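Biologist: I would like to learn how to read a few local features in a model, one after another. Could we begin with how a residue is placed between the inside and the outside?

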Amino acid sequence: MRITCVGGGPAGLYFALLAKQRDPRREVVVVERNRADDTFGFGVVFSDATLDGLADADRPSYDAIRSSLAHWNELHAHAFGRVLVSTGHGFSGLSRRKLLAILQDRARELGVVLRFEEEVTDADEALAGSDLVVAADGVNSRIRERFADRFGPRIDVRTNRFVWLGTTFPFDAFTFYFEENRHGLFRVHAYRYEPDRSTFIVECREETFRRAGLDRASEDETIAYFEELFADKLRGHRLLKNRSVWRSFPTVHNERWSAGNVVLLGDAAHTAHFSIGSGTKLALEDAIALADSLGKAPDVPEALAAYEAERKPKVLAFQRAAQVSLLWFENTERYMALDPVEFMFSLLTRSLRVTHEGLKARDPAFVREVDAHVARKAEEQSGARVAPGGGAPPPPMFTPFRLRSLVLDNRVVVSPMCQYSAEDGRIDDWHLVHLGSRALGGAGLVITEMTDVSAEGRITPGCAGLYRPDHAEGWRRVVDFVHARSRARIGVQLAHAGRKGATKRLWEGMDAPLERGAWPLLSASAIPYRPESQVPKAMDRGDMDQVTSDFVQAARRADEAGFDLIELHCAHGYLLASFISPLTNRRDDAYGGPIENRMRYPLEVFDAVRAAWPAEKPMSVRISATDWAPGGLTTDDLVALATMLREHGADIIHVSAGQTDPSGRPEYGRLFQTPLSELVRLSAKVPTIAVGNIQSYADVNSIIAAGRADLCALARAHLYDPYWTRHAAAEQGFDLEWPPQYGSVAGYTLRMR
């Protein structure tokens, strides 16, 4: 077999040597357009876990790499005039030039042919004599572009500017600087890779870059600017250049990683922002996976398919984490409003891969400081005493939180979950057991399913309501049980389905229009949800007045039922949400156009409900923070609408996303909506509830401690386990008292197998 690797960086070299090592009969050639000792940048970073994988793949190259590493265990963040320190972070740095030399030597030793200063100008020529062509030619891959119609590349060029510098300063920890001057805030990512050399990456926003005149600066002028700015940090040491030009980071995705006998490797296939680690790490792991697949599959096409199937999901997960980390650094200005401890925890957990629990294993002293800090703030905010757990501060999720006169025992919320089990809006024993069991389960707040303000406002015939007097009586039974039998508080989510109404129950066909018994629909504009859906009427003034009256009447009935909180549903494409999104609001009157106009009617409803709802009781608003569709809600719209809600008296914003239009393409994943909650909380300066694939108590603790939300709502976790909060307390050693009827469970250990 003849293998041609186009690109002699770490990806191409490592795959070449592994391919030759696995089968010496293979003819393996690496073609690189630069000289053997040319390199961009300065050092590369490896985690301890990555190094372990290299040891298993090829011991000689691993031993050579290991002997050349600069290792550190601490992470330092210089901000607020302080040095914030966390330990337990096992990483190592290595000179990129040294890494290339190690891989080149090992490749030659195994018999790989290395051809430097040779340009592959004709991809077809490279293909002609090869059984396999590996495109390891970097982020600007010519091979990828030659077959772009088959690979389907997508490149997202980010907004921040960065420059890759070096320095003679010997950092003894992975170090971040957050330094502000008259031009703006600069972030530095720095680490040592040799005894007397370190990488020094400077990053800033575009406007800061231009205000500082760096858009016109030469390499030497860039160095002079930052040697002056960081003079006290560098202590007389110099900054170094190596083709150190300012760039914007390109996030590379490809729909497919192979085309015929050509396969993408490393940066040609994908990139991940340098703030989460080294692209070299991903490249070497790609090489291992491709070499493994090539050895196991009967032919090249099957090997390439197996490589992509095994590797791509892992890379996509890593890229999602890198994207969240990238956004943290794009918006660091936002986090400078946090206090130092919260800022440091936010920095350490920015990718959402590192959790409160994981950090506690690495650095228990710092996490104790974080927990104590959260507890102190919770006592000040709530006016309630924080219950310690065994003398230590409680986990963040078990601290209280106040909304007006309502004080919640903890930060866990049972998210609204439609049951589609009511009869003409009237709930029954199913709802009593469903909501009552979750209140007994230990959550601080239980919110009912979407409860409609009129019969015409239902999604399905099975939706709950508060539009008849006897509806309040049914809800009173549930509320009284929750108040009498648990420490939970209970809220009701009031809504009108709008254009998404008159459909079948979930299990009969989600969003499918009723075949019989449908009722007329209303919306901001006469746009059906799906082509087969009923066309709604665009609301006129009379419709608006009637629906507002329905919301007010439902709010009064909610108070009669004894609810502690109202949540106004302005999300997921329902009636009020249809005014907010430009995808569903095509009006040309005072209620259409810019976000201020689109919010006019939702705010009219909010104000009317707020006036009818007791002043001492809080109100939440659920929003879709993004439509995940072109032409939808913008980030500026989001901040503006959240700010308007706060100014009108909303006590907390429940930050959801999507479901506005069926064309939306959500980016699902663990905690996929949490960054949106953080954005709203910090930019609009309003408390938030985070929701969306929050999977564990470690997630909840992380979100609360980092200031990404004030409360966390979980849906499926509570469907699966109504006692999720109690079980989370037990696993963390926190004493959450059981009802006396269940007292015998104290000290019980569940075993399922």
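Modeller: Buried means under 20% relative accessible area, exposed over 50%, and partly exposed in between, with a 1.4 Å probe and protein chains only. His431 counts as buried because its relative accessibility is 0%. This is a predicted model, in which local features need pLDDT of at least 70 and side-chain atom pairs count only at pLDDT 80 or more, while totals for chains, interfaces and linings use all residues. Residues are numbered from 1 along each chain as its sequence is written, and side-chain values use heavy atoms, with hydrogens and water left out.

Biologist: Where is His431 found, and with which residues is His431 in contact?

Modeller: His431 belongs to helix 17, residues 429–440, where helices (H or I, at least four residues) and strands (E, at least two) are DSSP runs numbered from the N terminus. Contact means heavy atoms within 4.5 Å, and, leaving aside neighbours within four places in sequence, His431 is in contact with Gln419, Ser421, Ala422, Gly436, Glu449 and Val478. With Glu449 there is also a side-chain polar contact of 3.3 Å, that is, a pair of N or O atoms within 3.5 Å, of which, within protein, one must be able to donate a hydrogen and the other to accept it, and residues adjacent in sequence count only if both atoms are side-chain atoms.

Biologist: How should I read the buried residues of a helix, taking helix 2 as the case?

Modeller: An α-helix has 3.6 residues a turn, so residues three or four places apart point the same way. In helix 2 (residues 48–57), the buried residues are Thr50, Leu51, Leu54, Ala55 and Ala57. They lie on the same side of helix 2 because they cover an arc of only 165° around the axis, the arc being that of the directions from the helix axis to the C-beta atoms. Ala49 and Asp56, on the other side of helix 2, are exposed. Among the elements that cover the buried residues are helix 1 (10–22), strand 3 (43–47) and helix 11 (279–296).

Biologist: Which residues other than glycine have a positive phi here, Phe80 being one case?

Modeller: Most residues other than glycine have a negative phi. Phe80, however, has a phi near 60° and is found in the loop between strand 4 (70–79) and strand 5; Phe80 counts as partly exposed, because its relative accessibility is 33%. Arg243 also has a positive phi, of about 50°, and is placed in the loop between strand 12 (239–240) and strand 13 (247–254).
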